Amino acid sequence: MSKEAYKQRLVNLRTQMEMEKTLKKKDNEQYARLIKGITAPTSKESYRKMKVARAEAHDRRIEQLKREIERTKEIIKKMK
């Protein structure tokens with residue numbers, strides 16, 4: 001790939017990371033509303049577990065994107 005292609009990839013990765021952060025925030029808000037609206041303790045516990053699992057999935061994706069950004073930066077640096 002050319003240097004310009006890697007630069008474009010870097011822009012795309014950063015955009016994906018911002019989108020993932022936004023999705024994480026929306027999911028957390030949605031689960032918070034669900035938890036607040038439920039009265040059954042078992043249902044609340046279930047939603048809390050789902051909220052944590054979903055947040056962890058978003059965190060893993062964000063970390064993956066960060067690693068990919070760093071790899072792409074290293075490739076660009078080596079191309080100079």
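The model is predicted, so local features need pLDDT of at least 70 and side-chain atom pairs count only at pLDDT 80 or more, while totals for chains, interfaces and linings use all residues. Residues are numbered from 1 along each chain as its sequence is written, and side-chain values use heavy atoms, with hydrogens and water left out.

We can start with the helices, which are DSSP runs (H or I, at least four residues) numbered from the N terminus. Helix 1 (residues 3-37) has 35 residues and spans 51 Å from its first C-alpha to its last, close to the expected 51 Å. Helix 2 (41-79) has 39 residues and reaches 57 Å between its first and last C-alpha, close to the expected 57 Å. The expected span of a helix is 1.5 Å times one less than its number of residues.

The two helices pack against each other through their buried residues. Here, buried means under 20% relative accessible area, exposed means over 50%, and partly exposed lies in between (1.4 Å probe, protein chains only). In helix 1, the buried residues are Tyr6, Leu10, Leu13, Met17, Glu20, Asp27, Tyr31 and Ile35. In helix 2 they are Ala55, His58, Ile62, Leu65, Glu68, Ile69, Thr72 and Ile76.

The structure holds 8 salt bridges, each defined as a side-chain nitrogen of Lys or Arg within 4 Å of a carboxyl oxygen of Asp or Glu. One of them joins Asp27 and Arg54, with the closest N and O atoms 2.9 Å apart. This pair links distant parts of the chain, as Asp27 lies in helix 1 and Arg54 in helix 2, 27 residues apart. Asp27 counts as buried because its relative accessibility is 16%, whereas Arg54, at 40%, is partly exposed. The side chains of Asp27 and Arg54 are also joined by a polar contact of 2.9 Å; such a contact is a pair of N or O atoms within 3.5 Å, where within protein one must be able to donate a hydrogen and the other to accept it, and residues adjacent in sequence count only if both atoms are side-chain atoms. Leaving aside neighbours within four places in sequence, Asp27 is in contact (heavy atoms within 4.5 Å) with Arg54 and His58.

Beyond residues up to four places away in sequence, Glu20 touches His58, Arg61 and Ile62.

Other salt bridges lie within a single helix. Lys21 and Glu18 meet at 4.0 Å, N to O, and both lie in helix 1, 3 residues apart, about one turn of the helix. Lys21 is partly exposed at 37% relative accessibility, and Glu18 is partly exposed at 45%. In helix 2, Lys49 and Glu45 sit 4 residues apart, about one turn, and their side chains form a salt bridge of 3.3 Å, N to O. Lys49 counts as exposed at 55%, while Glu45 is partly exposed at 44%. Finally, Arg9, Glu68 and Arg71 are linked in a network of salt bridges.
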